[in-house]
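Let's take a walk through this model, one feature at a time.

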Amino acid sequence: MNKSLKFGIVGLGAIARIHAAVISSIDGVELTSCFHKDGSKADSFASEYGAAGYSDFDLFLSSGIDALAITTPSAIRTEYAIPALERGISVIVEKPMDTDVRRARLMIDAAEKSGARLAVIFQNRFSPLNQEIRKAVSRGRLGRRMLSSCYVKWYRSQEYYDSAPWRGTKALDGGGCLMNQAIHALDLLLSLSSPLCEVFAYSALLNHERMDVEDTLVSSLRFCDGSIGSLEASTSSYPGCKRRIELTGSDGTIIAEDDHIITWDFRNMEDEDSEILARFSSPSSSSASSPDVEIRDHRAEYIDFIDSILSNRKPLVDGSEGLESLMAVNAIYESAKKGEPIRLEP
């Protein structure tokens, strides 16, 4: 990397520490600035990484940063992203890029006008297994697609939702188990399928209190190529299950749980399939006990984002990709609210 890039971070909660660890792990990249409206929190976080803390956002943007990582509550990400993009500062924003489609489009417009890069964190796309799945799908090894489904049956305690005033709120969180947990699996599914054309959903709050969003949701999915599928999401399922993706077609089936293979079976098996099965069939291959594994996929997306800045190209998961997932989530919520199918524009 010929040029050293200076990064800033806005939103200094737990997820920000993952971003800070990733930035610190990449050669030629430096975390130089942190922002929080509470100056003491900004200074405390910044001191851990040898950075400068700011409580004035304008001064923060003027600190010489080339790129900004945004990890604030979902509904306020645009208010930080747009001023940065308008100054030509590239932005990598946690998922969802916002909770509102209109504001998300304004973020995309700001990036296009300034020429700054905009990326949305969907790190699951970058896992080694999901890269292999993408190759198989792009080569047509599934044949005609039949079913594309994802299942995220996780558990979050009441204490989790009570730990921050924005959690479990429509105003700041934008939604519950779908918007904040299952959106990763839905995004992955959308990136491996044809565009989504129609959804029908049910949602409920079944196992938590003091929330105005769902902790349990199911949705039927109809894709524009005629295939269908389903989504199940929850943070109410004790003790929680592994994230599961299922892709089936006329010539094959792929089923994955987290980062290991359950089924990898095609009408025409190839030599490389044995290596892929040996590499990814063991659940131990996806162990998160190592810090390197915990940040691996975030790091891969950051490397792509940094290269997009230096090479003057769009990142692999740009604003339009993030918008597609947000539109799907909001259509599912609209269906659950109205009790009727909702069509999406192709």
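## The disulfide

Cys197 and Cys224 form a disulfide, with 1.8 Å between their sulfur atoms (the criterion is a pair of cysteine sulfur atoms within 2.5 Å). The link of Cys197 and Cys224 is right-handed, with 115° about the S-S bond. The pair ties together distant parts of the chain, 27 residues apart: Cys197 sits in strand S8 (residues 196-204), Cys224 in the loop between strand S9 (216-223) and strand S10 (228-234). Helices (H or I, at least four residues) and strands (E, at least two) are DSSP runs, numbered from the N terminus.

## Ground rules

This is a predicted model, where local features need pLDDT of at least 70 and side-chain atom pairs count only at pLDDT 80 or more, while totals for chains, interfaces and linings use all residues. Residues are numbered from 1 along each chain as its sequence is written, and side-chain values use heavy atoms, leaving out hydrogens and water.

## The sheet and its helices

Six strands make an open sheet in the order S3-S2-S1-S4-S5-S6, with parallel pairing; two strands pair if DSSP finds at least two bridges between them. At the edges are strand S3 (52-54) and strand S6 (118-120), each pairing on one side only. Neighbouring strands of this sheet are turned by 25° against each other on average, direction ignored. Axes here are lines fitted to C-alpha atoms, for helices over the stretch in contact, and angles run from 0 to 180 degrees between N-to-C directions.

Zoom in on S1 (residues 5-10): four bridges join S1 to S4 (residues 67-70), and the two run parallel. In this pairing, Gly8 stands opposite Leu68 in S4. Helix H1 packs on the sheet, touching S1, S2 (29-35) and S4, and its direction makes about 170° with that of S1. Helix H2 (residues 39-48) also packs on the sheet, touching S1, S2 and S3, at about 160° to the direction of S3. Contact means heavy atoms within 4.5 Å.

## The largest pocket

How big is the volume of the largest pocket? About 1500 Å³, taken as the space filled by probe spheres set on the points, with grid points joined across faces, edges and corners. On a 1 Å grid over the protein atoms alone, a pocket is an open set of points where a 1.4 Å probe fits, with protein on both sides within 12 Å along at least five of seven lines; lining residues have an atom within 4 Å of a point.

The lining of the largest pocket has 48 residues, with Ala14, Ile15, Ile18, Glu94 and Lys95 nearest its centre. H11 (291-311) is among the helices that each supply at least two lining residues, and H11 gives the most, with five.
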